[in-house]
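Here are my notes on the model, point by point. Please read them with the structure open.

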Amino acid sequence: MPREGHQVIATRHPMDDSTTAWALAARAGDTEAVEHFVRALHRDVLRYVAHLCADPQAVDDLAQDTFLRALGSLHRFEGRSSARAWLLSIARRAVIDSYRYSAARPRLHDATDWQLAVERAQPCGLPGFDDGIALADLLAALPDERREAFVLTQLLGLPYEEAAALAGCPVGTVRSRVSRARATLIELLTAAEEQPPRPAVLAA
């Protein structure tokens with residue numbers, strides 16, 4: 001696999017204008033726009049929640065909670081940011097609230113379950129993350145803040161300014177986290193490529 005394939009470039013999501021228009025129309029009472037809004041952003045919400053949430057069993061419920069909160073708050077959405085960035089900020093709060101609610105409860109899951117949940121949500125065809133190398137395994141090695149910055153900008157395509165507003169930190173901090181996350185991922189990919197194949201096990 002060529003080294004050049006490791007570079008992942010963030011671009012603004014092509015659906016941002018449409019989803020923001022649908023959100024504003026839904027705010028005005030257009031029920032068809034509500035359906036378009038939910039359908040267009042459902043996958044992004046699932047993917048983001050899966051990267052933030054440690055409980056794979058809770059991903060669907062948290063995504064549903066996100067949309068319920070968003071639809072109940074549409075009257076406050078004014079289109080100053082993209083509807084996707086606004087919705088992901090609600091998803092982030094939903095995950096945080098779920099952590100607070102279950103803080104005193106015992107953990108009934110492990111890291112393997114979390115990785116499986118992220119693998120199910122990872123995009124297909126992302127340059128540099130194919131050939132059997134699981135993106136979830138690589139992302140699991142990143143610190144939480146760098147992983148979130150990378151997911152928001154490189155996987156979900158949020159502009160750095162919106163990712164910074166969502167994470168509550170300066171734009172420069174997001175850029176630094178993404179740069180460090182990318183460097184770590186490239187190191188892990190390089191190590192995986194250089195690892196010798198396992199010898200075949202012959203039956204006795």
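This is a predicted model: local features need pLDDT of at least 70, side-chain atom pairs count only at pLDDT 80 or more; totals for chains, interfaces and linings use all residues.

1. A term first. Angles under 35 degrees count as roughly parallel, over 145 as roughly antiparallel, 65 to 115 as roughly perpendicular, and the rest as oblique.

2. Overall make-up. The chain contains 9 helices and 0 strands. Read from the N terminus, its elements run α-α-α-α-α-α-α-α-α. Of its 204 residues, 42% count as buried. Take the contacts between residues at least 6 apart in sequence: 70% of these join residues at least 24 apart.

3. The core. The largest nonpolar core has 47 residues. Which of them touch the most other members? They are F37, V45, Y48, V49, L88, L152 and V174. Two or more residues come from each of helix 1 (16–27), helix 2, helix 3, helix 4 (83–101), helix 6 (135–139), helix 7, helix 8 (160–167) and helix 9 (171–194). Helix 4 gives the most, with 9 residues. As a general matter, nonpolar side chains tend to be buried together in soluble globular proteins.

4. Helix 2 against helix 3. Two packed helices are described by the angle between their axes and the distance between the axes. Here the axes of helix 2 and helix 3 (residues 59–72) come within 9 Å and cross at roughly 135°. The two helices are therefore oblique to each other. Their crossing is right-handed. On the helix 2 side, the contact is made by V34, F37, V38, L41, H42, V45, L46, V49 and A50. Helix 3 supplies V59, D60, L62, A63, T66, F67 and L71. By class, the residues of this contact divide into 13 nonpolar, 2 polar and 1 charged.

5. Helix 2 against helix 7. Helix 2 (residues 31–52) and helix 7 (residues 144–155) pack at an angle of about 165°, and their axes are 10 Å apart. R47, Y48, H51 and L52 of helix 2 meet R147, E148, V151, L152 and L155 of helix 7. The contact has 5 nonpolar, 1 polar and 3 charged residues.

6. T66. This residue lies in helix 3. Is T66 buried or exposed? T66 is buried, because its relative accessible area is 0%. Leaving aside neighbours within four places in sequence, T66 is in contact with V45, L87, I90, A91 and A94.

7. V45. Look at this residue alongside T66. With neighbours within four places in sequence again set aside, V45 is in contact with A63, T66, F67, L87, L88 and A91. V45 is also among the core residues that touch the most other members, and it belongs to the contact of helix 2 with helix 3.

8. I186. This residue is found in helix 9. I186 counts as partly exposed, because its relative accessibility is 28%. Where does L138 sit relative to I186? The C-alpha atoms of the two residues are separated by 9.5 Å, and the residues are 48 apart along the chain.

Notes:
Residues are numbered from 1 along each chain as its sequence is written. Side-chain values use heavy atoms; hydrogens and water are left out. Axes are lines fitted to C-alpha atoms, for helices over the stretch in contact, and angles run from 0 to 180 degrees between N-to-C directions. Helices (H or I, at least four residues) and strands (E, at least two) are DSSP runs, numbered from the N terminus. Contact means heavy atoms within 4.5 Å. Ala, Val, Leu, Ile, Met, Phe, Trp, Tyr, Cys and Pro count as nonpolar, Asp, Glu, Lys and Arg as charged, and the others, Gly among them, as polar. A crossing is left-handed if the near helix is turned anticlockwise from the far one by less than a right angle, and right-handed if clockwise. Buried means under 20% relative accessible area, exposed over 50%, partly exposed in between (1.4 Å probe, protein chains only). A nonpolar core is a set of buried Ala, Val, Leu, Ile, Met, Phe, Trp, Tyr and Cys residues joined through side-chain atoms within 4.5 Å.
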